[in-house]
Amino acid sequence: MPVITAGSVDDPYCAQGFSTAQDRFWQMEVFRRLPAGELAEVFGPAALKNDQEFRRLRISRLAERSART
């Protein structure tokens with residue numbers, strides 16, 4: 001849990017936004033890797049079966065096609 005020390009009224013808002021953005025970046029990176037079948041690059045062999053299934057189903061290609069329409 002992040003601890004925020006503030007020197008002014010505006011400081012905690014800035015620090016809270018920064019802290020939240022760090023967590024959000026991690027979530028966005030995982031959600032990008034999941035359909036591409038690239039989780040094993042980060043999580044190791046435990047994610048390999050999941051990656052193989054997503055690549056077999058071509059989820060990434062389907063998502064790209066859907067985003068274009």
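Predicted model: local features only at pLDDT ≥ 70, side-chain atom pairs only at ≥ 80, totals over all residues.
Helix α1, which covers residues 11-36, comprises 26 residues and spans 38 Å from its first C-alpha to its last, a length close to the 38 Å expected at 1.5 Å a residue. The buried residues of this helix are Ser19, Glu29, Val30, Arg33 and Pro35, and the elements that cover them include α2, α3 (48-57) and α4 (59-68). Directly after α1 comes Gly37, for which phi is positive, near 75 degrees.

Side chains of opposite charge can pair when their charged atoms come close, and in this model the count of salt bridges comes to 5. Two of the contacts centre on Glu29. In one of them, the side chain of Glu29 meets that of Arg32, with an N to O distance of 2.9 Å; in another, the side chain of Glu29 meets that of Arg33, with an N to O distance of 2.9 Å. An α-helix has 3.6 residues a turn, so residues three or four places apart point the same way.

Arg32, by contrast, is partly exposed, with a relative accessible area of 44%. Arg32 also forms a salt bridge with Glu38, in which the closest N and O atoms are 3.5 Å apart. Glu38 has a relative accessible area of 21%, and is therefore classed as partly exposed rather than buried, given the cut-off of 20%. Through shared partners, salt bridges join Glu29, Arg32, Arg33, Glu38 and Glu41 into one network.

A nonpolar patch is found on the surface, where Trp26, Val42 and Phe43 together present about 300 Å² of accessible area. Trp26 belongs to helix α1 and is partly exposed, with a relative accessible area of 46%; Phe43 is also partly exposed, with a relative accessible area of 45%. A search of the whole structure for aromatic pairs finds 1. This pair is formed by Trp26 and Phe43, whose ring centres lie 6.0 Å apart and whose planes stand at 80 degrees, so that the arrangement is edge-to-face, for which the angle must be over 60 degrees. The pair links distant parts of the chain, Trp26 lying in helix α1 and Phe43 in helix α2 (residues 40-43), 17 residues apart.

Definitions and conventions:
Residues numbered from 1 in each chain as written. Heavy atoms only, no water. Salt bridge = Lys/Arg side-chain N within 4 Å of Asp/Glu carboxyl O. Helix = DSSP H or I, 4+ residues; strand = E, 2+ residues; numbered from the N terminus. Buried < 20%, exposed > 50% of the residue type's maximum accessible area, 1.4 Å probe, protein only. Patch = residues over 30% accessible without salt bridge, like charges linked within 9 Å, V, L, I, M, F, W, Y side chains within 5 Å. Areas by Shrake-Rupley, 256 points an atom, 1.4 Å probe, with all protein chains shown as cover. Phe/Tyr/Trp six-rings, centres within 6.5 Å; stacked < 30°, edge-to-face > 60°. Expected span 1.5 Å × (residues − 1). Contact = heavy atoms within 4.5 Å.
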